[in-house]
Amino acid sequence: MRARARRAGIVQRVTPHTLRHSFATHMLGAGADLRLIQELLGHSRLSNDPALHHVSPEHLMRVYDAAHPRAT
C-alpha cells in the first residue's frame, strides 16, 4: 500500500482502514443510503464506523427529507 500511495503522489500514511473510511465518506457524499453503506462495510450497527460520524447534519436532513414519507 505504501509503494502504491507513493507512486500516486500521496505523502500521507494510507492503510486499508483509510480506504474503507474514504469509501464510506465518498458514498455518503454522493447520496448513498446509510443502510447500504452499512451492509457494504459489513457492520451490524452504523455507529461502528467513525466515517459515518463526520456526515454533516444538512446532508442527513436532505437524505431524511428525500426518503421519509412524512418528512415534509
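What share of the contacts in the chain with a separation of 6 or more comes from residues 24 or more positions apart? The share is 29%, where contact means heavy atoms within 4.5 Å.

## Model and confidence

This is a predicted model, in which local features need pLDDT of at least 70, side-chain atom pairs count only at pLDDT 80 or more, and totals for chains, interfaces and linings use all residues. Residues are numbered from 1 along each chain as its sequence is written, and side-chain values use heavy atoms, with hydrogens and water left out.

The chain has a mean pLDDT of 77 (the predictor's confidence in each residue, from 0 to 100). Of its residues, 78% reach 70 or more.

## Overall build

The chain holds four helices and zero strands. Both are DSSP runs numbered from the N terminus: helices are H or I with at least four residues, strands E with at least two. From the N terminus on, the order is α-α-α-α.

Of the 72 residues, 21% count as buried. Buried means under 20% relative accessible area, exposed over 50%, and partly exposed in between (1.4 Å probe, protein chains only). The chain exposes about 5,800 Å², by the Shrake-Rupley method with a 1.4 Å probe; for residues, only the protein chains shown count as cover. Carbon and sulfur atoms supply 56% of that area.

H2 spans residues 16-29, 14 residues in total. From first C-alpha to last it reaches 20 Å, close to the 20 Å expected at 1.5 Å a residue. That expected span is 1.5 Å times one less than the number of residues. Just after H2, Gly31 takes a positive phi of about 95°.

The largest nonpolar core has five residues: Ala24, Leu28, Ala32, Ile37 and Leu41. H2 and helix H3 (34-41) are the elements that give two or more residues to this core. Such a core is a set of buried Ala, Val, Leu, Ile, Met, Phe, Trp, Tyr and Cys residues joined through side-chain atoms within 4.5 Å.

## The two sides of H3

Ile37, Gln38 and Leu41 are the buried residues of H3. They lie on the same side of H3, because they cover an arc of only 105° around the axis. The arc is that of the directions from the helix axis to the C-beta atoms. These buried residues pack against H2.

On the other side of H3, Arg35 and Glu39 are exposed. Gly42 follows H3, with a positive phi near 75°.
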